[in-house]
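Please prepare a briefing on this structure, grouped by topic, for a student new to the subject.

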Amino acid sequence: LLLNRYDMMRQKPNNQRPRVPPQREPVYEDPAFHMVSEHQLASSAWSELLLGSYKFLKITQRGLDSRYEFVEDLNKTLQLSRPFGDEEQCEFKVFGSCANGLANAHSDLDITLVFTDTSDEEDRTTRFNALIRFLRNQCAPILRIDTVVRAARVPVVRYACKRNADICGEISIDGFFGLENSQLIKTYSKIDPRFPQLACAVKTFAKYLGIGDAAMSYLSSYAYVMLVIYFLQRTHPPVLPCLQKMAKPDENAVKMIGKFNFWFQDDLQHISKTFHNKNTQSLGELWLDFLSFYADQDFGFVVRVSDLKFEKNPRKNAITIWDPFIDHNLSRGRSGRILRRIKQSFQVANYMYRHEMYVHPNLDKFPDKIKHEVFEQKLYESWWQLDTLAHAEEARRKERKNRKKFQKKQKVDTVPAVNCAKPEGETTQASSGDK
């Protein structure tokens, strides 16, 4: 019954949805749906929806195995052809969502070609060109090159698998940082199962509300994962520890890649002995607290998951999200309009999901697909409300601009004329030129 009501939302992708939805039946016309305002009931309903959506979207073991089989085929072709010479030792490795435990059925397969020796910029450019030739010639039976992005901070090749339409992604060279970041997130996901569930919900939330596309100058999905870790480290009691600040087995334990230290505590037995998780909040309570955490305070702080200290941002109303290992700001270059849009998204969702939540008495008996559809519908309603606020703000901005223009024009028109008349009793003889 519910699936038939969401056809409009499923037919069009997120960037092609109409601004004002057409007239249709109410979503919750079933009298069994009733609105609740109590925090406990809303959080329990959200726990059911988010957990059902996570199970529905989570990638199957078969889908994950097919992705790794594709990488094995690339490595076999690489060992046979040797495009970089017989002395070069290299290997394709997986990083990103398929390696950190946050993958869903539609996740991209990000691959990096790792060499055993370090290379400078010239060698990296030469190797990247050789990689493109290798993918176009030797790997033509298994993949297709869509685009080559050379102007990015890390040049990548966007590809698509010919054997499996669900496999696509990007291939880069020497992505050591991505491999270490993936291992860090994978370790966090093994500490508490609520972290991958909440992270997947936040990534879906950012995607549907249009604030998760890095190509449109918004934050990337990796940045939102950092926001989730930062929040879970600061709950009371905390859900996740700071792995980079935990006790080291050796005082001199380091893992240097270039000039950065990539060491973190990855021994799960040591983590379970030193960090005692006393947080008993449900997934729904953490979801609502996450929205409230970023909606109620100003964006004037620094997100740094590698340190538990609170840092104030010198830039007013701005948020700085630092990479856990290197000196790279994940929110660099985002304008004030983009940050206001992100904060408005948290504010709208925080209000709607707490005070306008409809629940069904038998929600726990719904299949996971129906729970995911209800979650999608709530996200769509939030997007509609957010877009309405954005249009109202744009209209007010234009009105202020036109009002200033009108006042400026009116001020110019009402300037008094300068009196050039001669005082009384003073006479002058007009010259021949004046005549």
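**Cavities and cysteines**

Leu78, Gln79, Arg82, Pro83, Phe84, Gly85, Glu88, Gln89 and Cys90 line the largest cavity. On a 1 Å grid over the protein atoms alone, a cavity is a set of points where a 1.4 Å probe fits but cannot get out, and lining residues have an atom within 4 Å of a point. This is a predicted model, in which local features need pLDDT of at least 70, side-chain atom pairs count only at pLDDT 80 or more, and totals for chains, interfaces and linings use all residues. Residues are numbered from 1 along each chain as its sequence is written, and side-chain values use heavy atoms, with hydrogens and water left out.

**Largest cavity**
- The space in the largest cavity is about 60 Å³, where a volume is the space filled by probe spheres set on the grid points, joined across faces, edges and corners.
- Its lining comprises four nonpolar, three polar and two charged residues.

**Second largest cavity**
- The volume of the second largest cavity is about 40 Å³.
- Its lining includes Leu50, Tyr54, Cys200 and Phe375.
- Helix 2 (39–57) and helix 7 (194–208) each give two or more residues to this lining; helices are DSSP runs of H or I, at least four residues, numbered from the N terminus.
- By class, six residues of this lining are nonpolar, three are polar and none is charged.

**Cysteines**
- The whole structure has zero disulfides, a disulfide being a pair of cysteine sulfur atoms within 2.5 Å.
- For cysteine 98, the nearest cysteine sulfur is that of cysteine 168, 9.8 Å away.
- Cysteine 98 is buried, with a relative accessible area of 6%; buried means under 20% (1.4 Å probe, protein chains only).

Terms used:
Buried < 20%, exposed > 50% of the residue type's maximum accessible area, 1.4 Å probe, protein only. 1 Å grid on protein atoms, 1.4 Å probe; cavity = no way out; pocket = protein on both sides within 12 Å on 5 of 7 lines; lining within 4 Å. Nonpolar A, V, L, I, M, F, W, Y, C, P; charged D, E, K, R; others polar.
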